[in-house]
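This report describes a protein chain from its overall form down to a single residue. Please keep the sequence and the structure in view while reading.

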Amino acid sequence: MKTIFADPTPRWVPFTAAALIVLGVWIGGVWENVDFAFITKFAVGLACVLFVLIFFQGRFYWKGQVAELKGDGEYYEALTSIWVGSGKRVSFGPHEARDWTATGSGTRKDDEPAKLGTIHFTVNAREYDLSFVNPKVVDLDGLTALNPGYFAKLRADYPALKSTAA
């Protein structure tokens with residue numbers, strides 16, 4: 001199967017943020033002359049709590065963002081984004097994807113063409129999102145095979161939308 005959409009998750013972001021928070025708490029505690037053993041234990045405990053929160057946020061809250069979509073025109077497979085581990089794989093046919101909608105990306109000047117932000121669709125009563133803010137791979141011909149009428153209208157509504165290679 002050919003990759004027709006890819007927007008990989010930058011997995012380092014939440015861990016870097018957590019590390020900076022823990023480091024800031026530890027340095028702040030040392031700066032304020034808090035007992036060294038206490039602030040070190042507290043920082044380690046905070047690191048563990050933040051890791052667990054990052055893990056559960058990716059597993060239970062952030063469910064529908066598609067990291068990669070592969071297809072051959074008759075069969076499609078989406079891999080959802082997640083911070084820790086591998087995401088959920090969802091296999092479907094074009095007839096199973098319904099309720100296509102699109103949202104624009106932020107504000108724009110009057111002379112700029114509209115920019116596509118996100119495409120939402122439903123498979124088996126669960127909503128999935130394709131983020132077009134900064135995708136790595138977009139194959140518009142491959143996506144068009146999913147829903148030709150919808151993507152023809154989408155191309156007309158967002159003339160700046162172009163295919164990008166890996």
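## Contacts along the chain

In this predicted model, 58% of the contacts in the protein chain with a separation of 6 or more join residues 24 or more positions apart.

## Secondary structure

The protein chain contains four helices and eight strands. Read from the N terminus, its elements follow the order β-α-α-β-β-β-β-β-β-β-α-α.

## Overall dimensions and surface

The radius of gyration of the protein chain is 21 Å, whereas a compact globule of 166 residues would have a value near 15 Å. Along the principal axes, the C-alpha atoms occupy a box of roughly 65 × 40 × 30 Å.

Of the 166 residues, 37% count as buried.

## The largest pocket

The largest pocket holds about 250 Å³ of space. It is lined by 14 residues, and the closest to its centre are L116, F132, V133, P135 and L161. The lining comprises nine nonpolar, three polar and two charged residues.

## A closer look at S81

Where does S81 lie? It belongs to the loop between β3 (76-80) and β4 (89-92).

Is S81 buried or exposed? Because its relative accessible area is 2%, under the 20% limit, S81 counts as buried. When neighbours within four places in sequence are left aside, S81 is in contact with D7, T9, W62, Q65, V66 and A67.

Notes
Residues numbered from 1 in each chain as written. Predicted model: local features only at pLDDT ≥ 70, side-chain atom pairs only at ≥ 80, totals over all residues. Heavy atoms only, no water. Helix = DSSP H or I, 4+ residues; strand = E, 2+ residues; numbered from the N terminus. Buried < 20%, exposed > 50% of the residue type's maximum accessible area, 1.4 Å probe, protein only. Contact = heavy atoms within 4.5 Å. 1 Å grid on protein atoms, 1.4 Å probe; cavity = no way out; pocket = protein on both sides within 12 Å on 5 of 7 lines; lining within 4 Å. Points joined across faces, edges and corners; volume = space filled by probe spheres on them. Nonpolar A, V, L, I, M, F, W, Y, C, P; charged D, E, K, R; others polar. Rg over C-alpha atoms; globule rule 2.2 N^0.38 Å.
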